[in-house]
Amino acid sequence: MKLAADRILSLLLLGLAAFVAVQAWQLEVPFSYDPVGPKAFPLILSGLLAVLAVVLFVRPGASGEWPTGALLLRLLFTMAVLGLYAALFINLGFLVTTALVSIIIAWLFGAAPLKAVVGGLLLAVGSYLLFTYGLGISLPTGSWIEPLLGSN
Amino acid sequence: MFDFLIQGFGVALTPLNLGLAFLGALLGTLFGALPGIGPINGIAILMPLAYTLGLPAESALILLAGIYTGSEYGGRMSSILLNVPGDAGAVMTTLDGHPLAKKGLAGPALGLSAVSSFIGATIAIIGLTLFAPLLAIVAVKFGPAEFFGLMIFAFASMSAMMGKDPIKTLIGAVLGVLISTVGVDSGTGVLRFTFDMPELYDGIDFVVMIIGLFAVSEILLMLEHAFRHDQDGEMAPIGRVMVKMSEVLYCKWAILRSSVIGFVIGVLPGTGASVASAVAYTTEKRISDRDNTFGTGDMRGLAAPEAANNASAAGSFVPMLTLGIPGSGTTAILLGALMLYNINPGPMMFREQPVVVGGLIASLYIGNVMLLLLNLPLAGVFARVLQVPRWLLVPSVAILAFVGVYQLHSDLMAIYLMLVIGVFGYLLRKFGFSLAPVVLGFVLGGLMEENLRRALSISGGDVGILFQSNLSIGLWIAAALVVLVPMFAGKLKAKFLPAARPS
């Protein structure tokens, strides 16, 4: 018997409520004329969240379809690709990272390899031109390219 | 009394603003037409652009509002042609729209929906022009206690009206409010929930939050969708987009009734197009479906939700412009965009920002005409957009999300935070949450706490001040009523609100 997704969620929310309450309780408040202070509001919220979580536990809804196996792997892979995109965005520059990421995502969405490569390259170059010249946004060019250009 | 409108037309008719209204209408129709990219995503992606392009506040708002109203027009395309709603507000449009297309009437169906959208929006914009100044006069009397009551009312009406699961709506709202408490407490300077990360001292940035929540989670959902159903349904041939006068006249009562319903529901804080179109459709079905033709391609069943969702879009500007309380998830984002410009939404906005308010309302009139002119002859062209393959669409969303956040912050932390929030948004949607309450909570959270604390410091900590004036008592009673009445009329509600895809 699988535990309903909503029940797991409810336990997570209870944990969150407790965490918020403890964190708020530990805030050190300097003297002020504000009769409420910064603690009360988060405490009220955590109480409310706890009550709602209990209601959810008692009356869980349908569990829905959760990704497993190959799909879960693809989702994790996509997030990893996006994380890598972020990590390399500035050092490698917009053009290179965007082309790579677009090619990978296009391939993940079922494009044939050649289509993915052409589409990804066109997307990267096209969006670079649009943002830089059309909209005047400065995008990272990448630290590797500067020595090549022999720039000052 | 209508000085603001005359002044507003002066603002909206400048070449820049006319161009932006047109651009908004065009982009909005495109975004609405693309399955999976509804108004919220469109605005979330373009908001940072509008901001960094250095547009003045009224121009940015005109562009974003154009996208909002435009996407309500565009949402019908995939509903009618593919039976796939472009966003939650277009779910009801599939019920009679797609059967019409299967009968070979796709062209007339697109034409009729454009005309009903136009009429619905026009009636609601007139309503906005008439009611907003009146409400603004009342709103000036609101003190902090009344504002707090009003926000309670907003959350109550949202949980009562939205989605089939009021508990999750409330949990979503509480989570949104909690996220808004991250950062320096403005009252005392105490750091809350920042975990010693300097990036969080200013709180979670609005743009990062919205783009993560909507755009990044959408990428994951689209991947899942592509994995499960390899292909979208076949597209019905469109033919010539035209609508006969007799067809419009046949639907006239459906359109008029639904426009009024849409406007009223739009005005209610917290409820937007998805509720409006559902209520309008079921009402129309009850009133005029004598031969059981609704659901099989009845023109009135198409006209009703289309008139209503456009009317509610315009209606949701009423509470946003007069009270600073958004009428829908999308206006919550527009409100956030205003805050980026340091404009404090609220009852004083009508008086202090006549250029912004008037310009926006005037541009709604102009944009609505543009949308009709764009959508009647060009429906076939927009329908092509539906055929943009996912493998090109998804990387584009990723690029826009990254550039959107990067240009505001030039900071890797913000991008990582966006990705984390994206996973959070994806999980919420998988658990069956709507994201609109989360956004509403996030936008209103700060105001809610501020007003609560201000009220209590006026009274020296006495909670009684929250229930002192007639106005605030009325708001609390109204909040209780919107929650309790549907509970007793539970069966009725189950009919009103069919399962909609959370968005």
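How much of residues 70-88 of chain A is helix and how much is strand, and how far apart are the end C-alpha atoms? In this predicted model, the stretch is 100% helix and 0% strand, with its end C-alpha atoms 26 Å apart. Helices here are DSSP runs of H or I with at least four residues, strands are runs of E with at least two, and both are numbered from the N terminus. Residues 70-88 are also one of the spans that the unreviewed UniProt entry annotates as "transmembrane region" in chain A, the others being 40-58, 94-114 and 121-145. UniProt positions are given in the numbering used here, feature names are shortened, and such annotations may be inferred rather than shown by experiment.

Residues are numbered from 1 along each chain as its sequence is written, and chains are lettered from A and ligands numbered from 1 in the order in which they are written. Because the model is predicted, local features need pLDDT of at least 70 and side-chain atom pairs count only at pLDDT 80 or more, while totals for chains, interfaces and linings use all residues.

Confidence comes next. The model scores ipTM 0.92 and pTM 0.85. Chain A averages a pLDDT (the predictor's confidence in each residue, from 0 to 100) of 87, and 93% of its residues score at least 70. Among the elements of chain A, the highest mean, 94, belongs to α4(A), and the lowest, 69, to helix α6 (residues 145-149). For chain B the mean pLDDT is 85, with 93% of residues at 70 or more. Within chain B, helix α18 (residues 412-430) has the highest confidence, at 93, and helix α21 (residues 490-496) the lowest, at a mean of 53. Residues 499-503 of chain B have a pLDDT below 50, and this stretch has 16 contacts in the model beyond near neighbours in sequence. Where pLDDT is low, the predicted coordinates should not be read in detail.

Turning to the interface, 55 residues of chain A are in contact with 50 residues of chain B, a contact being two residues whose C-beta atoms, placed from the backbone, lie within 7 Å. On the chain A side, α1 (5-25), α2 (37-58), α3 (69-92), α4 (94-108) and α5 (113-134) each supply at least two residues. The largest share, eleven residues, comes from α3(A). By type, this side of chain A divides into 40 nonpolar, 13 polar and two charged residues. Here Ala, Val, Leu, Ile, Met, Phe, Trp, Tyr, Cys and Pro count as nonpolar, Asp, Glu, Lys and Arg as charged, and the others, Gly among them, as polar.

Not counting residues up to four places away in sequence, V29(A) touches G37(A), P38(A) and K39(A), along with T188(B) and V190(B). The C-alpha atoms of V29(A) and K39(A) are separated by 8.3 Å, although the two are ten residues apart along the chain. V29(A) counts as partly exposed because 14 C-beta neighbours lie inside 10 Å. In this scheme, a residue with 20 or more other C-beta atoms within 10 Å of its own is buried, one with 12 or fewer is exposed, and one in between is partly exposed, with C-beta atoms placed from the backbone.

Chain A is assigned domain 1 (5-58) and domain 2 (69-145), with bounds from an automatic or database domain assignment. The centres of these two domains, taken over C-alpha atoms, are 40 Å apart.

In chain B, helix α6 (residues 144-161) is mostly covered, with 17 of its 18 residues buried. At 1.5 Å a residue its 18 residues should span 26 Å, and the end C-alpha atoms are 26 Å apart, so the two values agree; the expected span is 1.5 Å times one less than the number of residues. A60(B), in helix α4 (residues 57-82) of chain B, counts as buried because it has 24 C-beta neighbours inside 10 Å. Leaving aside neighbours within four places in sequence, A60(B) is in contact with A50(B), Y51(B), L55(B) and A337(B).
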